[in-house]
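Please look over the sequence and the structure before reading on. The points below are grouped by topic.

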Amino acid sequence: MIQLNRRSLLLAGCAATLVSIAPGARANTNPAQGRKLIVVILRGAMDGVAALPKLDDPDIRAHRAALIDVKATPLSNGFALHSAMPTLAAMYASKEAAFVPALAGPYRERSHFEAQDLLECGEVAKVSADGWLNRALQRAPAAYSAVSIGPSQPLILRGASPNTSSWSPAVLPEASGDTLARLLDLYENDPVLKPALSSALGADSVAGAIKMDSMGGGRGGPAQYVAQLQAAGNFLAQPDGPEIAVVSLEGWDTHTQQNQMLQQRFTALDNGIRALKASLGETWKKTALVAVSEFGRTVRVNGGGGTDHGTGGLAILAGGAIKGGRMIGDWPGLKPAALFENRDLMPAVDARQVFKGLLRDQLGWAQNDLDTSVFHDSANAKALTGLV
Amino acid sequence: MARLQGAIAATRFGMGARPGEIADAASDPRGWLKAQIAPNAAMMPAGDLLSAKEVLEARQEAYGMAPAAKGQDGVSAEARQGSQKQVQREIRDGLQEEIEARGRHAAATPNAFAERWHRFWANHFTVAARNAQVVGLVGPFEREAIRPNVFSSFSKLLGAATFHPGMLVYLDAARSIGPSTQVAERRDAGLNENLAREILELHTMGVGSGYTQADIVEFAKALTGWTVAGPQTARLVGLRGQNQRTKGGQQRARQQAAERLTRDSGETVFLEPLHEPGPRKVLSKTYSGPGADQAAAILDDLAANRATAQHVATKLARHFVSDTPPASAIAKLEAAYMKSGGDLSVLARAVIDLDEAWGETPLKFKTPEELLVSAARAAGAQATFGGAPRAVYTSLAQQPFGAPSPAGWPDDTASWAGSDAIKKRLEWANSVSRRMARGETPTQFLDRALGEIASEKTRQAVARAESAEQGFTLALMSPEFQRR
């Protein structure tokens, strides 16, 4: 297993930190039969309405005319996909991608951290120390293992099961361009820290870092999406590779300049999914990917050309195993009265329903375990059927 | 208001708030601080750490071994070298243990004001790990000379610091010999002014306060004779020399002295044969008592000197108020010092009672050590150091016990807020945030660590961060957490 991981690091072409190694012992009769699951966490709250606008909704232009991509690719049911994601649009056409609009976890506040933690630990209100994927591994149909792609082991994989590993394309965590920009803003009136940080980075290089960042180069954020997704594919495609990969993609908090920021991020995500498919090779056919955010964003545009923290979001499903080419769930509509607290897209599908449906039908988990142990007391969030 | 004052007590006067500390301090912030003013409040458990005597004995044994010659008792050159190397290694490891124990103590102690007060004085009386002779003594110096005396009197602290083997070795007094003694003549050795100069310039009156070069020389002469006992010192005095011509009673006296130097090995002793004979005249006052009493008498007078009160008051005001403290603050501390005869408990209370030190905005930029200790108190040592304290200290450019000169570490913003330093702090904060426990949100962490000191702007930035990691990074790098 160590060797396999090393090889895949070389494949990924990056310096690597391998935190822990999952045991490689596996029965020949693995019930997964080569099927794979990839959970992508889009941290920072992706604007689902910007990714997948429902152009025939009579209220959408009144709310956010400035945030609608006029070149969006029409899909079905009045939905269109942002034009920066042509790979996903093609996958939708070939029935390898599907979307769950108006998706949210049970959480109804708007703190990134709390929402991400709850999304990952699979609880309704109180954050627990272990994540739902780790609890799932403890009750897996066989000795499944999971790898996470990102600088630290995310909560979703923390817990008692040792069958987890993590891998990061960078040895030292560098502050992202986004963090630097926020810090410079925080230092706006500081006579000491502002000049010190500015001069450390060089006014030009700060601008450069942020720009590179959004263009898919430079530090952290979207710059890493392709490498991260490609690495996940490399891990899963190993003959004895893990069944599950978790990928954290940071940088979706678009309070300002949303159109530009999302153009870059959607492009990076789309390129990443294309790279993932390539790195998976034949395994793509048996793979299901789900990408979710901790919550969505406000339906209306804010004063800064962006959107603020909202509720209903979007799940992107992709992979050869997905029964694609369709929209899953309901569209609650954008009439002010239909919005959650008159500002956010009203959630229609619980994220846990998607996760449970995938765990059960893609990798063989028992319904009862999913309802009681993996997602505690979640029988009322029924696993969606027919996702794969 | 009370909560803000509690936060100021824990962060500016303490070492940074531990969980719950702001609330503990809030009901009576000044009383909470003053309750830490007690004789043993700054003591630190020594555990397995070596004393100065143990370090010196080990060194003296390894380096004092008589070389094998002409069939006499002795050891081979190889054996000597081997044991010297081993002792050096143990002493180096010992320094690492000192650094870690001191860090653990600062991160955990409920007497955080006492710890800050101790660190102020330890820096005032710097003994730094400059070379192999002193490396093993820096930790014991703090624990034996500074900690027990920071709430006694300045003169007692000054005496304890000056006569500790660590200071005598660090500032070369252990090998300073009265120029007109027989030993000086025989050994072609003599006076070393270093300690005398630094006591006047750094520890007491301060530079430009009226003493002259002649005062320094006279004071240095008064300090001769004070050294560290051991076989090397015995040889220096000529008590173990092979070619020493002695006879009768003189020989017996020397014999007894030699035995004492061996028995008290590693302790500070006064050796009359090294002391410059005669009365000394320092700052126009003549000291004609016995040689062994001269230095202590001069130190007492220096402690009582108004220039010393001014010097100490200025440094304290700079430490607790701002880099450029108002004259009113300095004057109050100076008055407290003079009125109490340099009582450090009185002085500590006067510092706490300085209204100038309770301003709403934190003005003092944290040194790297202060930043790391405050982070360890708020976020835990594991998150702060990631198990590699040495690397973290090195990267932030402040290795404990490693002050660049006897003047100690600088206590001003300009020295620590360079652009590369900020970059290093950001890299550090970024790695800490990834190690921090997920049990709380960045906002909760900010509130716990800074309370009402955190500005609205900082609160918003932390609350709006796009991930917990980014929120923790912003909290640690916020202007308020970088200062105290």
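What follows is a short briefing on a predicted model.

**Contact of chain A with chain B**

- Chain A gives 31 residues to the contact, and chain B gives 30 residues.
- On the side of chain B that touches chain A, the elements giving two or more residues are helix H24 (419–435), helix H26 (456–463), helix H27 (468–477) and helix H28 (479–482) of chain B.
- H24(B) supplies the largest share of that side, eight residues.
- Sorted by class, the side of chain B that touches chain A holds 13 polar, 11 nonpolar and six charged residues.

**Domains of chain B**

- Chain B is divided into domain 1 (2–17 + 365–482), domain 2 (52–301) and domain 3 (305–358).
- The centres of domain 1 and domain 3 of chain B, taken over C-alpha atoms, are separated by 27 Å.
- Where these two domains touch, domain 1 of chain B gives seven residues and domain 3 of chain B gives six residues.
- Helix H1 (residues 2–13) of chain B provides four residues, the largest share of the side of domain 1 that touches domain 3.
- That side of domain 1 of chain B has three charged, two polar and two nonpolar residues.

**Helix H17 of chain B**

- Helix H17 (residues 306–320) of chain B has 15 residues. From first C-alpha to last, H17(B) reaches 21 Å, close to the 21 Å expected at 1.5 Å a residue.
- The buried residues of H17(B) include B:Ala309, B:Val312, B:Leu316 and B:Phe320. B:His311, B:Lys315 and B:His319 are also among them.
- The elements that cover the buried residues of H17(B) include helix H6 (112–124), helix H9 (154–163), helix H16 (291–304), helix H18 (327–340) and helix H19 (344–352) of chain B.

**Helices H13 and H16 of chain B**

- Two packed helices are described by the angle between their axes and the distance between the axes.
- The axes of helix H13 (residues 213–223) of chain B and H16(B) cross at roughly 135° and come within 7 Å. H13(B) and H16(B) are therefore oblique to each other.
- B:Phe219, B:Ala222 and B:Leu223 in H13(B) meet B:Gln294, B:Ala295 and B:Ile298 in H16(B).
- The residues of this contact are five nonpolar, one polar and no charged.

**Residue Glu341 of chain A**

- A:Glu341 is in the loop between strand S10 (313–318) and strand S11 (349–350) of chain A.
- Is A:Glu341 buried or exposed? A:Glu341 counts as exposed because it has 11 C-beta neighbours inside 10 Å, and the cut-off for exposed is 12 or fewer.
- A:Glu341 and A:Thr311 are 30 residues apart along the chain, and their C-alpha atoms are separated by 9.6 Å.

How values were computed. Residues numbered from 1 in each chain as written. Chains lettered and ligands numbered in written order. Predicted model: local features only at pLDDT ≥ 70, side-chain atom pairs only at ≥ 80, totals over all residues. Nonpolar A, V, L, I, M, F, W, Y, C, P; charged D, E, K, R; others polar. Buried ≥ 20, exposed ≤ 12 C-beta atoms within 10 Å, placed from the backbone. Expected span 1.5 Å × (residues − 1). Domains from an automatic or database assignment. Axes fitted to C-alpha atoms, helices over the stretch in contact; angles between N-to-C directions. Parallel < 35°, antiparallel > 145°, perpendicular 65-115°, else oblique.
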